[in-house]
Amino acid sequence: MFIAREKKKDNIAEYILYMWQVEDLLRALGLDMEQVDKHIVAGFGADEQTAREIHDWYDNIIAIMKHEKVEARGHIQVLKNTVDELTELHFFLLHRAHDPRYHQIVTMAAGNLIEFRQRAGVGDDVSDVELALNGLYGHLLLRLQKKEINPATAAAMESFSKMLAYLSARYKQMEEENDASQQT
């Protein structure tokens with residue numbers, strides 16, 4: 001809950017990856033709040049009120065996952081919407097704002113995106129942003145499993161990471177500008 005809140009504020013791509021990990025962790029615990037309390041909430045060592053907030057946060061995510069029927073796989077709608085927002089920003093930066101730095105970063109990632117798209121067997125209905133996020137999530141899982149990652153894969157993931165880092169920074173800037181304009 002606390003990590004998600006900070007990541008959402010600071011780096012939207014990291015937030016998405018973190019929340020995908022939360023979804024998978026909850027699935028691994030059988031979407032069972034007793035298991036979540038035992039294996040996650042207790043690990044925080046928080047006071048009673050904070051532990052209750054953490055419990056409620058995980059319980060809410062489980063309820064959403066069940067309601068949206070993503071108990072076995074997939075992502076909750078709010079995360080899909082966030083990926084869509086990043087995708088819209090991606091297209092805006094490339095085609096309307098003509099951001100030369102972002103264009104350069106995407107060009108450097110393009111070959112890796114094409115190759116990863118082919119290897120993953122996904123069509124053009126999956127955006128480059130979602131594809132890069134999927135690649136980085138898979139890379140994260142490999143690292144957590146302490147599996148060897150070949151240099152070509154590591155280089156591809158670095159190009160995805162740079163693209164998403166720039167996109168996240170621009171997203172944060174956009175959010176801050178929106179917040180500032182709403183306060184005036």
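The following exercises, each with a worked solution, concern a predicted model of a protein chain.

Residues are numbered from 1 along each chain as its sequence is written. Local features need pLDDT of at least 70, side-chain atom pairs count only at pLDDT 80 or more, totals for chains, interfaces and linings use all residues, and side-chain values use heavy atoms, with hydrogens and water left out.

**Exercise 1. Overall make-up**

Solution. 
- Step 1: Helices (H or I, at least four residues) and strands (E, at least two) are DSSP runs, numbered from the N terminus.
- Step 2: Buried means under 20% relative accessible area, exposed over 50%, and partly exposed in between (1.4 Å probe, protein chains only).
- Step 3: Contact means heavy atoms within 4.5 Å. Among contacts with a separation of 6 or more, 66% are between residues 24 or more positions apart.

**Exercise 2. Packing of H1 and H2**

Determine how helix H1 and helix H2 are oriented to each other, and which residues make the contact.

Solution. 
- Step 1: Axes are lines fitted to C-alpha atoms, for helices over the stretch in contact, and angles run from 0 to 180 degrees between N-to-C directions. H1 (residues 2-10) and H2 (residues 12-28) pack at about 150 degrees, with axes 6 Å apart.
- Step 2: Angles under 35 degrees count as roughly parallel, over 145 as roughly antiparallel, 65 to 115 as roughly perpendicular and the rest as oblique. H1 and H2 are therefore roughly antiparallel.
- Step 3: H1 contributes Ile3, Ala4, Lys7, Lys8 and Asp10 to the contact, and H2 contributes Ile12, Glu14, Tyr15, Tyr18 and Met19.
- Step 4: Ala, Val, Leu, Ile, Met, Phe, Trp, Tyr, Cys and Pro count as nonpolar, Asp, Glu, Lys and Arg as charged, and the others, Gly among them, as polar. This contact has 6 nonpolar, no polar and 4 charged residues.
- Step 5: Asn11 is in the loop between H1 and H2; with 18% relative accessibility, Asn11 is buried.

**Exercise 3. The largest nonpolar core**

Describe the largest nonpolar core and the surroundings of Leu26.

Solution. 
- Step 1: A nonpolar core is a set of buried Ala, Val, Leu, Ile, Met, Phe, Trp, Tyr and Cys residues joined through side-chain atoms within 4.5 Å. The largest has 52 residues, and those with the most contacts inside it are Met19, Leu26, Val36, Tyr58, Leu133 and Met163.
- Step 2: At least two residues of this core come from each of H2, H3 (33-39), H4 (48-67), H5, H6 (100-120), H7 (128-144) and H8 (151-183). H2 gives the most, with 10 residues.
- Step 3: With neighbours within four places in sequence left aside, Leu26 contacts Leu31, Val36, Tyr58, Ile61, Ile62 and Met65.

**Exercise 4. Two positive phi angles**

For Leu31 and His98, state the phi angle, the place in the chain and the accessibility class.

Solution. 
- Step 1: Most residues other than glycine have a negative phi.
- Step 2: Leu31, not a glycine, has a positive phi of about 50 degrees. Leu31 is in the loop between H2 and H3 and is buried at 11% relative accessibility.
- Step 3: His98 also is not a glycine and has a positive phi of about 50 degrees. His98 is in the loop between H5 and H6 and is exposed at 55% relative accessibility.

**Exercise 5. Aromatic pairs**

Classify the pair of Phe2 and Phe44 and the pair of Tyr102 and Tyr166.

Solution. 
- Step 1: Rings of Phe, Tyr and Trp (its six-membered ring) pair if their centres lie within 6.5 Å; planes under 30 degrees apart count as stacked, over 60 as edge-to-face and the rest as tilted. The whole structure has 5 aromatic pairs.
- Step 2: Phe2 and Phe44 have ring centres 6.5 Å apart and planes at 75 degrees, so the pair is edge-to-face. Phe2 lies in H1 and Phe44 in the loop between H3 and H4, so the pair ties together parts 42 residues apart in sequence.
- Step 3: Phe2 is partly exposed at 33% relative accessibility, and Phe44 is partly exposed at 35%.
- Step 4: Tyr102 and Tyr166 are stacked, at 5.6 Å centre to centre and 20 degrees between the planes. Tyr102 lies in H6 and Tyr166 in H8, so this pair ties together parts 64 residues apart in sequence. Tyr102 is buried, with 0% relative accessibility.
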